[in-house]
Amino acid sequence: MSDVTRAKHGRPVHHWRRDIVELAALFTAVAVADGVANLVGHGPDGPALLATSAAVLAATAGFHTWWARRHGHAPPTSDPGARPPSDGRAGALTGEAAGTSAPVDVVEAPVLWRMRTTVKDAPGSLAALCTVLAQRQVDILSLQTHPLADGTVDEFLLRAPAELAASEITREVAQAGGSATWIERADAHDLVDAPTRVLGLATRTALDASELPLALRQLLGRCTIRSLPATSPVSGRATEGAPVEGALEDTVMRLRAPEGGVITVERPYLPFTPTEFARARALVELDARLGPRVPRGQDLLTLPEGNAITVRRADASDVEAAKAMHERCSPRTLSMRYHGPVGDADRYLNHLLSPSFGRTLAVQTASGRIVGLGHLLWDGDETEVALLVEDDWQRRGIGVELLGRLVTMAVDAGCESVYAVTQASNTGMVAAMRGLGLPLDYQIEEGTLVITARLDATPVSSRLPYDQGHSHAQHGTWAGRD
């Protein structure tokens, strides 16, 4: 046990043994000094002895100074309270020692990457690829293979050191025999294995037909999806359909829609594989077998004047009630909605109320009459919102409520923005878009005003999109909103 220990605050604690040693040294020094003084004062060689003693003392002091400078700042390793060297070579500290002034090494978290590369269909080709990745400390979290006629497309989820750039990974892969390599950053959602992800997308599609385009986009990554009806809602003529088995052409796939139209999926930056085509076609076939369906939940609300209304999802079964609402609307209200005269509302309504092209909310009175419609329409890789409220029910906050719910749906669906096409004179729609409290962009196109709202990536609702299909009823009241 050492004679010197340290208290909690680093101050030395002296023990009685050290005090006795110091007193003994002091008395010895006094005795030696007295003997030297007597010898110098009374002996014949006193001056020479005094000079020799001075030289010895000077040499001893010099040696002590040199020794202290060399070893005085290196604490014994057995001292638990010793500080680490000030040059930071002691490494990172943990616990209470981390509170010292010594620098702490910061280790950056590894980065997730999604990578796809094509290799020859030969024994050892995949092994060579895995070997070069392992040499660069790249961990393979998951692997999917997509067989081709002249090779195999391997899709990896990688965890790589933060300092390893994407270009370095692709260069190593190319040297190992990989070609047409594509890589992008991944996130925690990509950690879900492919079968689990496909089952989740199938569940969402089974509960809500409007989920099909969103499920295809999540299945295939960043792509543009367009749905064309079997007949044009404007001219009434039949549109060119896709073959029953679908068609795959490099970066474009065409699938036969459940209602007889065609679904076109484009991904210019990365060709589709036959495996991806088969998965997408199976998802579309599931939607076709289940038929038209929308969640049947509804919310009961009370207007400021006391009237009770219901907000619910609408579909093609509401065409007749929606047509009756159109007939009660004034020509000005219809022109604000459709940007011109509407000669045949049936064609528009069959398209707008189909779940294949988006989601529709209906506002219904206690007597069952529809007095408002709000549409969230999938438009390629963009999303459009549109509102129509019957004249007698305008300026009661119905449009604002519908728009807020549609935007919440868009956020839950992962949309980055929504846009509304209207006229500058439609002050109600402009005010409703401003009331969202979101960043807005304004653009004039062919005499119409396009207002785009940029959405936050964080979902507003805590429910999963397919949970919204569960039946529920909520009661609430509106503050007066125009």
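**Around helix H11**

I began with glutamate 401, which counts as buried at 15% relative accessibility, the cut-off for buried being under 20%. A reminder to myself before going on: this is a predicted model.

Next I looked for the partner of glutamate 401, and found a salt bridge to arginine 405 with the closest N and O atoms 2.8 Å apart. Both residues sit in helix H11, 4 residues apart, or about one turn of the helix.

Which other residue does arginine 405 pair with? I found aspartate 299, with the closest N and O atoms at 2.6 Å. This pair links distant parts of the chain, since arginine 405 belongs to helix H11 (residues 398-412) and aspartate 299 to strand S11, 106 residues apart. I checked the exposure of both partners: arginine 405 is partly exposed at 22% relative accessible area, while aspartate 299 counts as buried at 6%.

How many salt bridges does the structure hold? I wrote down 20.

One of them joins arginine 296 to aspartate 315, the closest N and O atoms being 2.9 Å apart. Here, too, distant parts of the chain are linked: arginine 296 is in the loop between helix H7 (274-290) and strand S11 (298-302), and aspartate 315 is in the loop between strand S12 (308-314) and helix H8 (319-328), 19 residues apart.

**Aspartates compared with their surroundings**

I turned to aspartate 208, in the loop between helix H5 (194-207) and helix H6 (212-220). Its relative accessibility is 6%, so I put aspartate 208 down as buried. What does its side chain touch? I found a polar contact with the side chain of serine 210, at 2.9 Å.

For a surface example I took aspartate 379, which is found in strand S14 (residues 370-379). Aspartate 379 is partly exposed, with a relative accessible area of 34%. I then saw that Asp379, Asp381, Glu382 and Glu416 form a negative surface patch. Aspartate 379 can be counted there because patch residues need over 30% relative accessible area, and its value is 34%.

**A buried valine**

I looked up valine 262 in strand S10 (residues 262-266). With a relative accessible area of 2%, valine 262 is buried. I also checked its distance to glycine 241: the two C-alpha atoms are separated by 5.4 Å, although the residues are 21 apart along the chain.

**Positive phi**

Last, the backbone. Most residues other than glycine have a negative phi, so I wanted to note the exceptions that I came across.

Glutamine 137 has a phi near 60 degrees, a positive value in a residue other than glycine. I placed glutamine 137 in the loop between helix H3 (125-135) and strand S4 (139-147), and at 60% relative accessibility it counts as exposed.

Arginine 395 also has a positive phi, near 60 degrees. Where does arginine 395 lie? I found it in the loop between strand S15 (382-389) and H11. At 62% relative accessibility, arginine 395 counts as exposed, the cut-off being over 50%.

Methods. Residues are numbered from 1 along each chain as its sequence is written. This is a predicted model: local features need pLDDT of at least 70, side-chain atom pairs count only at pLDDT 80 or more; totals for chains, interfaces and linings use all residues. Side-chain values use heavy atoms; hydrogens and water are left out. Patches are made of residues with over 30% relative accessible area and no salt bridge: like charges are joined within 9 Å, nonpolar side chains (Val, Leu, Ile, Met, Phe, Trp, Tyr) within 5 Å. Accessible areas come from the Shrake-Rupley method with a 1.4 Å probe; for residues, only the protein chains shown count as cover. A salt bridge is a side-chain nitrogen of Lys or Arg within 4 Å of a carboxyl oxygen of Asp or Glu. Lys and Arg count as positive and Asp and Glu as negative; His and the chain ends are not counted. The place of a charge is taken as NZ of Lys, CZ of Arg, CG of Asp or CD of Glu. Helices (H or I, at least four residues) and strands (E, at least two) are DSSP runs, numbered from the N terminus. Buried means under 20% relative accessible area, exposed over 50%, partly exposed in between (1.4 Å probe, protein chains only). A polar contact is a pair of N or O atoms within 3.5 Å; within protein, one must be able to donate a hydrogen and the other to accept it, and residues adjacent in sequence count only if both atoms are side-chain atoms.
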